[in-house]
Amino acid sequence: MKTYKSIITFDSSCDLPIYDEVDVLVCGGGPAGVAAAETSARHGNKTLLVERLGFLGGAAVAGYSGTICGMYYGCDNPLDEEPKQCVYGWTDKFYQEMKKCNAVTKPQPYGKTFLVPFDPQMWKEVAENMVVGAGAKILYHTNIIGVIKDEDVFKGIVIDTKSGMAQIRSKIIIDSTGDADIIYRAGYDYTMGNNGSIQNPTMIFRLGGVDTKKFFDYWGEDRISPDKVSEAMKEAISKGANLPRLKVWVYDTTRPNELFMNVTLITGRDGHELNVCDPDDHTEAEEVARKQVREYAEFFKQYIPGCENSFINDLSCEIGVRQTRSIVGIDKITNDDVAKAKKRPDGIVRCPWPIELHSGEKPYLFWLINDYYEIPYGALVPAIGENLIVAGRNLCAEHQALASCRVTAQCFGYGHAAGLAADKAIKDNKRLRDLKGEYIRKLLNEENAKLD
Ligand SMILES: Cc1cc2nc3c(=O)[nH]c(=O)nc-3n(C[C@H](O)[C@H](O)[C@H](O)COP(=O)(O)OP(=O)(O)OC[C@H]3O[C@@H](n4cnc5c(N)ncnc54)[C@H](O)[C@@H]3O)c2cc1C
């Protein structure tokens, strides 16, 4: 990797032009940032959400993750059982808004659980209406490139726009960049997967022109591919196709004759694992992914019944990134917590989602059946740094645990919790690290989280 200047900090004498001064600054508008901004603004705080793209949704929309995972309990027989909801709160609030717009399908069986595909376009609109409707302001097309802090007390951030640089001052900062950019720019410790090894990215696409009845008659109800598809892939590979992932996920969408294709597995041209925080690797990921999408689309057209007349409708606007930096928090979610379905009094989010680890030719899956674990409030609070909390996939988690607790239903929950914590820190004049997880849990329950 080439060398970059990573730490960009100013103290409060920073004389860059001031764009705004707010109570709560939400950095990044993925699922976690959206929930955090709506919650903070709804409680009366002057709230600004800064996002580098021109729409909300993060990996869920720009990366076409395409479904809400993590809402339902796992079960032994999803093909014969009704889905049982496990996660409520902000996740359910968003889900109900999407339902009103016919922007979600009914829950679909996925291995030993269920997930809910959504319309990415409506995701953007519903989220924007909720955030702006609650009174928050959004600033799109703006990169966060530095922080303002005195010692370890955060005062604001530095932004870069087409018009130049500026600063934004804030009482509380919520880092929902997915990549822990605020922690990184401040020069604080972070971890990266399993000793630097992270899950591979995936480029998702939509396949149009599919006879979906014929397709599912062949494929079966489970959205995870049956063994006969892996066998067909092996045959195609023997004839020269490049299909590095043999177990793939395919969902029907809210539109007719269309499938969401979570099928690619992106590594470098020489097989090396790609670190998307490195712009060279990130570029290679996009280039390799577009070629691989063509290979899979061709495979489906040639081998899979119902796809004879199919075509690529569209690709996600950027490669989907599952994992980069995790903060070092005052508490952590461990691999063992997931395996043992650990509950805790300071738990602020429930997670019934399996460990779904994307590396190697088949993703590794570890199911939680009729059970869930809880994520502690302390996993959102950095070990160093005041007035700063994280929300989303950059929370403090061990590698395998993150492969479970990173999905959308939980990211909404982290945003909800961080938004409430920011509100209380301001109103009760307390440090974020001094708020008790039990107290945040109580506040979440007052907003339909149903944690007890
Ligand atoms: C290929 C793939 C498939 C997936 N499939 C599913 C699925 O089926 N179901 C499911 O529930 N989950 C799925 N996920 C996981 C889910 O999409 C993510 O975990 C979730 O989006 C993480 O939310 P987040 O808010 O933490 O971060 P992100 O979604 O990553 O959002 C971070 C936001 O911050 C912005 N940002 C980052 N840095 C800056 C900066 N410096 N300045 C300004 N803005 C910044 C980004 O543009 C982005 O909008 C999938 C993920 C991937 C990659």
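In this predicted model, Val250 stands opposite Met261, a residue of strand E14. The two strands concerned, E13 and E14 (residues 259–262), run antiparallel and are joined by 4 bridges. They belong to an open sheet of 4 strands, ordered E13-E14-E12-E15 with antiparallel pairing. Strand E13 (249–252) and strand E15 (311–315) form the edges of this sheet; each has a single partner strand, so one side of each is left without a neighbour in the sheet. From one strand to the next, the twist averages 30°. Helix H8 (residues 279–303) lies across strand E12 (205–208), E14 and E15, and runs at about 150° to E15.

A second open sheet has 3 strands in the order E4-E6-E5, again with antiparallel pairing. Its edge strands are E4 (67–68) and E5 (108–110), each of which pairs on one side only. Strand E4 is joined to strand E6 (residues 113–117) by 2 bridges, and the two run antiparallel. Here Thr67 stands opposite Pro117 of E6.

| Strand pair | Bridges | Direction |
|---|---|---|
| E13 and E14 | 4 bridges | antiparallel |
| E4 and E6 | 2 bridges | antiparallel |

Helix H1 (residues 31–42) has 12 residues, which at 1.5 Å a residue should span 16 Å; its end C-alpha atoms are 17 Å apart, which agrees. The helix is mostly covered, with 11 of its 12 residues buried. Among the buried residues of H1 are Pro31, Val34, Glu38 and Ala41. Just after H1, Gly44 takes a positive phi of about 95°.

Key: Residues are numbered from 1 along each chain as its sequence is written. This is a predicted model: local features need pLDDT of at least 70, side-chain atom pairs count only at pLDDT 80 or more; totals for chains, interfaces and linings use all residues. The expected span of a helix is 1.5 Å times one less than its number of residues. A residue is buried if 20 or more other C-beta atoms lie within 10 Å of its own, exposed if 12 or fewer, and partly exposed in between; C-beta atoms are placed from the backbone. Two strands pair if DSSP finds at least two bridges between them. Axes are lines fitted to C-alpha atoms, for helices over the stretch in contact, and angles run from 0 to 180 degrees between N-to-C directions. Two residues are in contact if their C-beta atoms, placed from the backbone, lie within 7 Å.
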